[in-house]
Each structure stands twice: as structure tokens, then as C-alpha cells.
Amino acid sequence: MTAAEMLSVAAFIDGRHAQAFPSFGSERTGAPVVAFCRIGDTAIRTREPVTEPDVVIIQDVTLLYQVDVFGGLRPAGYVLLNSTGGIADLGIGEIAEHRPPGHVTILPASELAMTHVGRPLPNAALLGGFAALTRLVSLGSVEAAIRARFADRLAQSNIAAAREAYEFVAARQQEVARA
Amino acid sequence: MLEQIEGSKAVARAVAQCRPEVIAAYPISPQTHIVEALSAAVKAGELAPCEFINVESEFAAMSVAIGASAAGARAYTATASQGLLYMVEAVYNASGLGLPIVMTVANRAIGAPINIWNDHSDSMSQRDSGWIQLYAEDNQEALDLHIQAFRIAEELSLPVMVCMDGFVLTHAYERVDMPTQAQVDSFLPPYEPRQVLDPADPVSSGALVGPEAFTEGRDLAHVKQLQALQVIPAVAGEFAVEFGRTSGGLLHSYRCHDAETVVVALGSVLGTLKDTVDELRGAGMKIGVLGLKSFRPFPLQAVREVLRDAKRVVVVERAFSAGIGGIVSANVRMSLSGLSMHGYTVVAGLGGRAITRASLRRMLTDAVDDRLEPLTFLDLDHRLVEGELARMRRQRRSGPAAENILRDVGAVSARIS
């Protein structure tokens with residue numbers, strides 16, 4: 001939920017309209033939770049859940065085997081997964097094959113968070129990766145959204161995680177472009 | 001200033017700008033973020049003079065608000081669901097005593113079955129409590145309505161409930177235009193009570209009234225609600241002048257000119273409905289939306305004006321009265337006396353079920369073809385209901401219905417959206 005909220009703030013800072021909202025499965029840490037974010041150039045009126053996402057961010061890949069996380073994903077949509085594994089290891093080769101090259105990307109977001117923040121909270125890194133993958137928000141706005149959310153030191157460490165994630169994904173995108 | 005913030009935080013800041021002197025609250029989802037933010041503001045000294053009282057129950061929350069208001073303080077509280085039910089006796093007292101308390105209801109379903117998600121069962125249960133009830137369409141309106149609510153309440157000496165959909169609005173991050181303190185101060189003068197409990201000038205508040213005058217007391221309650229039919233639009237008009245945007249009022253019609261079908265609704269579903277109606281208009285359907293902003297008082301005449309030339313009315317509501325059907329529908333029908341048109345009640349979004357454009361589009365297409373049942377539960381899974389009814393026919397000890405139905409639904413964890 002925090003990631004969806006911060007993404008909406010980043011899009012707002014970019015001058016766009018954005019809406020973020022949760023779908024509470026269960027109110028406890030660790031339970032599967034879905035949160036949505038819409039970004040647009042006009043006021044967003046609808047309140048329905050996003051059923052045909054352009055982008056799916058998966059914070060915990062163990063959900064891949066419990067929930068149909070790719071349901072409704074657009075054919076040219078993006079997937080950003082928090083994992084250290086490969087696409088084949090995760091068993092999502094088919095999802096990747098049916099999408100443009102590079103649209104399904106894996107980012108070790110929890111590891112980046114451990115390095116920079118000291119806790120496995122992948123939100124900031126995933127948002128940095130999202131900015132590089134989709135270019136729907138700028139890295140500068142992601143940083144500003146992190147600064148708006150966290151106090152000084154925590155903001156700095158999360159920004160460092162977001163930057164490294166951005167560079168990590170941007171490098172992958174360049175490899176794909178050269179391939 | 002434009003900000004991207006959570007609905008609850010926006011409302012808490014607007015309430016703080018109204019300078020309440022006493023806030024009494026007991027936390028309950030999905031109201032919690034509002035009172036947490038207000039409690040933090042009071043503790044940080046950002047809202048002074050103000051006393052935040054952590055009470056032991058919702059009954060105490062309303063009782064403290066009543067005491068504070070009767071002593072001449074601007075009083076505020078917020079609740080939801082079972083919390084609202086728990087304070088009901090005091091809710092009726094607040095209106096009967098004529099105390100201008102403002103309360104946010106972060107709309108949530110009522111158990112059993114227990115459910116923390118959104119619908120309007122809670123506030124609808126209090127439609128006869130004598131309180132003014134305003135419903136917010138989005139978070140901008142939610143925060144605007146709170147500023148208007150104190151004006152309306154204090155002008156009429158009546159309490160006002162500002163209803164906003166729990167989670168759908170309270171937990172949604174979206175763009176809002178936060179007013180400045182100076183704007184709110186210029187719009188909302190200090191509270192000037194009609195009655196004050198003062199030891200130096202004793203009065204009795206809440207005197208026993210017998211058959212000789214009770215009817216007159218109740219009639220006065222109705223007359224004051226009718227006065228609100230004038231005050232609510234007047235306050236919304238002044239608000240528009242001060243803040244430069246329209247919010248609140250009695251109702252808002254959208255593309256209703258020349259509409260053969262008008263969809264009536266209140267609360268946050270209006271946004272999804274407007275998008276759906278735009279699609280259907282694009283396909284050549286003559287359809288519009290009538291958004292009710294004030295449910296108490298119910299603007300009978302204004303609703304009639306919008307609906308009088310339509311062929312059919314579809315009321316989409318997030319609560320219902322078991323044994324008859326629609327609650328909002330029954331009120332809408334009262335405005336149509338003598339007019340002939342098809343009327344449909346659609347109960348949607350109970351206990352947090354998402355109201356999607358696809359379902360609304362299907363349902364409205366059926367309505368326009370006059371194929372819709374008079375009372376429809378949107379996206380109802382008939383098999384689940386039939387399954388439980390069959391179990392009850394089969395055996396006397398059929399067991400708890402909620403558990404049976406959940407078992408039929410299957411693994412809940414696999415259906416998190």
C-alpha cells in the first residue's frame with residue numbers, strides 16, 4: 001500500500017492526476033494485500049479496482065503460486081518482480097515470452113533495501129525500478145515522494161535504494177535494447 | 001494548495017481548520033486514520049485550544065460531545081459501523097437537544113456477518129435520528145463538506161453527519177485542494193450557541209416533555225430539517241464564493257438534460273457511475289446521473305424536478321432494508337407522487353464488493369430495455385444463496401450460514417481482490 005501511495009505522490013509531483021487505494025484482504029502484516037494506482041492526465045473519477053493493469057509490481061514472489069497475479073495484464077504490459085531469481089527459476093517464462101522484450105523484469109529490491117536501509121522493505125527500490133522500467137514517473141519525483149514520506153535519514157537511505165534500483169533496471173533495459 | 005494525500009488526512013486537516021474545541025473519539029476501522037491525525041495535531045499543539053478526549057466507547061464519545069456542545073464548545077467526533085450503533089441512544093439525544101455536533105461516519109457494513117469493508121448500512125440506520133446527513137462523492141468533497149457542516153450545524157442548531165465511504169475514500173490517496181486557515185476562518189465564524197449550560201445562569205437541558213408538547217417538539221425537529229433545505233444550498237453557495245469550487249448542496253445532476261433514464265445514487269459510486277454514463281451516452285443512450293448530497297433532509301422537490309421528465313429511474317444504493325428492499329429508493333419514490341415511470345432498485349457494493357463499470361454497464365443496459373428486476377443485487381452469486389437454502393431444506397441442523405457460504409466460496413486467500 002505504501003508503494004502505491006508513494007507512486008501516486010510521485011505522479012502528482014510530475015503534474016499528473018493519480019489515485020491510489022488498497023484492497024484489504026486481511027489487516028495484518030504478511031497477509032496478501034493488493035493496492036492499486038491509476039495515473040492519468042485528467043481527474044480520475046472511477047473507484048473500481050484495476051482489473052486490466054498496464055503494470056504489475058509483485059513485492060513477494062511466493063504469491064506467484066497462490067494468486068493469479070497476472071490476471072488481466074495488458075498484452076504490452078510490464079511486470080516488475082522483487083526477487084533474486086531468474087525468469088525461468090520463477091516459472092514465468094510464458095508471461096515474459098508473450099510480452100515485448102524487457103517488459104518482464106526482476107529486481108532484487110529487498111536486497112537493495114537491506115544494503116541501504118537495513119530492513120527488507122522493498123517499496124522505495126521497486127519505485128525506482130518502476131520509474132526506469134516504464135518511464136511513467138521520473139526518478140526525481142520518486143525521490144521527492146520518498147522525502148515527503150520519511151524523515152531525513154530514512155529518506156536518504158530509501159532514496160539511495162531507489163537510485164540503485166533505477167540504475168539496475170535502466171542497465172537491463174539497455175542490454176535488451178542492444179540485443 | 002493542491003496536495004496528494006490520503007482522504008482521512010485531508011478530512012482531519014479540514015476538521016482542525018474548523019477549530020473544534022473538544023474532540024471525543026474511540027477508534028474503529030475505517031475511521032481510525034482521521035482521529036489519529038487529529039489526536040496527533042492536538043498533542044503537537046497545532047490545534048489549540050482543543051481537548052482531545054480518548055473515551056472508552058462510542059457511547060461515551062457522543063455523550064462527551066453532547067456535554068461539550070451543551071457547555072458552548074464546538075464539538076466533533078467520528079465513527080463507523082458497530083461504533084455508530086453503539087452510540088445510537090446519544091445520537092438521538094444530540095439532535096433532540098439541538099446540539100450542533102459534527103460527526104464523520106466512515107461508512108462501513110454492519111455485522112453479522114462481521115465485515116470491516118464499506119457500505120452504507122451504518123449511516124442509513126440513522127436516517128431517522130434527526131441528524132442532517134451529507135454524503136461525499138470524493139475526497140475533495142469530503143473535506144469541503146466538513147467545513148460546510150459546522151456552518152450548517154451551528155446555523156440551525158442541529159448535528160450533522162458527514163458520510164464518506166470507508167476505505168474507498170478514507171484510505172484513497174488523491175489530489176485535493178487544501179484551503180488555507182484564513183479562508184476557513186473567514187467562512188466559519190466562532191461558534192455562538194443558542195443554549196449554554198452555565199452555573200451562573202442555570203437552565204435545564206433535556207427537560208421531560210409529556211403528551212402536552214411532545215408532538216410539537218417532534219414537529220419542530222421536522223421544521224428545522226426543512227429549514228436545512230434552504231440553509232444547505234445557501235452555505236454551498238457561499239462556500240463556492242469563498243473557495244472557488246462547488247461542493248455539497250442538496251444534489252448534483254450530471255447529463256440529466258433530455259435523459260430518459262436517470263440513475264440516482266449517493267457517495268463515492270457517483271464517480272464510477274459518471275464514467276459509465278459517459279460510455280453509454282457515447283453509445284447513444286439518453287442517460288444521466290442524479291447525485292444526492294443531502295439525504296437528510298431529503299430534497300423531495302429538487303429530486304422531483306430532475307426526474308419528472310424521465311421514463312425510468314434506477315436507484316443504486318449501498319444498503320437495503322431486509323423485507324422490503326431499497327431505502328434511498330423508497331425516498332425517491334416519495335418525490336414522484338403522481339408521476340408514472342419505471343423504478344428500479346439496485347443494491348450494490350455491500351460489505352466492500354467492488355462496483356465495476358462493466359457490471360453497471362450491463363445492469364443499466366438491462367434497465368433501459370426494461371428487463372431489470374424491480375429489486376436487483378448487483379453481481380449476486382445466486383448459487384451461494386441457493387446452496388445455503390438447499391442445506392436448510394435438507395437438514396434441521398444446517399449450521400452457521402456464514403461459515404457454510406465461505407466454504408462454498410472456496411479458498412478465500414486465492415481471491416484477494
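Hi everyone, let's start where the chains meet: 22 residues of chain B are in contact with 22 residues of chain A. Please keep in mind that this is a predicted model.

Which elements supply the chain B side? Both β8 (173-177) and α10 (269-282) of chain B give at least two residues each to the side that touches chain A. The largest share, five residues, comes from α10(B).

Strand β1 of chain A, residues 17-23, is joined to β8(B) by two bridges, and the strands run antiparallel. If you'd like a spot to look at, find A:Gln19, which stands opposite B:Glu174 in β8(B).

Helix α5 of chain A covers residues 139-149 and helix α6 of chain A covers residues 152-178; they pack at an angle of about 155°, with their axes 9 Å apart. Angles over 145 degrees count as roughly antiparallel, so that is how α5(A) and α6(A) lie to each other. Their crossing is right-handed.

And who does the touching? From α5(A) we have A:Leu139, A:Val142, A:Glu143, A:Ile146 and A:Arg147, and they meet A:Ala155, A:Asn158, A:Ile159, A:Ala162 and A:Tyr166 in α6(A). The residues of this contact divide into seven nonpolar, one polar and two charged.

Definitions and conventions. Residues numbered from 1 in each chain as written. Chains lettered and ligands numbered in written order. Predicted model: local features only at pLDDT ≥ 70, side-chain atom pairs only at ≥ 80, totals over all residues. Axes fitted to C-alpha atoms, helices over the stretch in contact; angles between N-to-C directions. Helix = DSSP H or I, 4+ residues; strand = E, 2+ residues; numbered from the N terminus. Parallel < 35°, antiparallel > 145°, perpendicular 65-115°, else oblique. Left-handed = near helix turned anticlockwise from the far one by under 90°. Contact = placed C-beta atoms within 7 Å. Nonpolar A, V, L, I, M, F, W, Y, C, P; charged D, E, K, R; others polar. Pairing = 2+ DSSP bridges.
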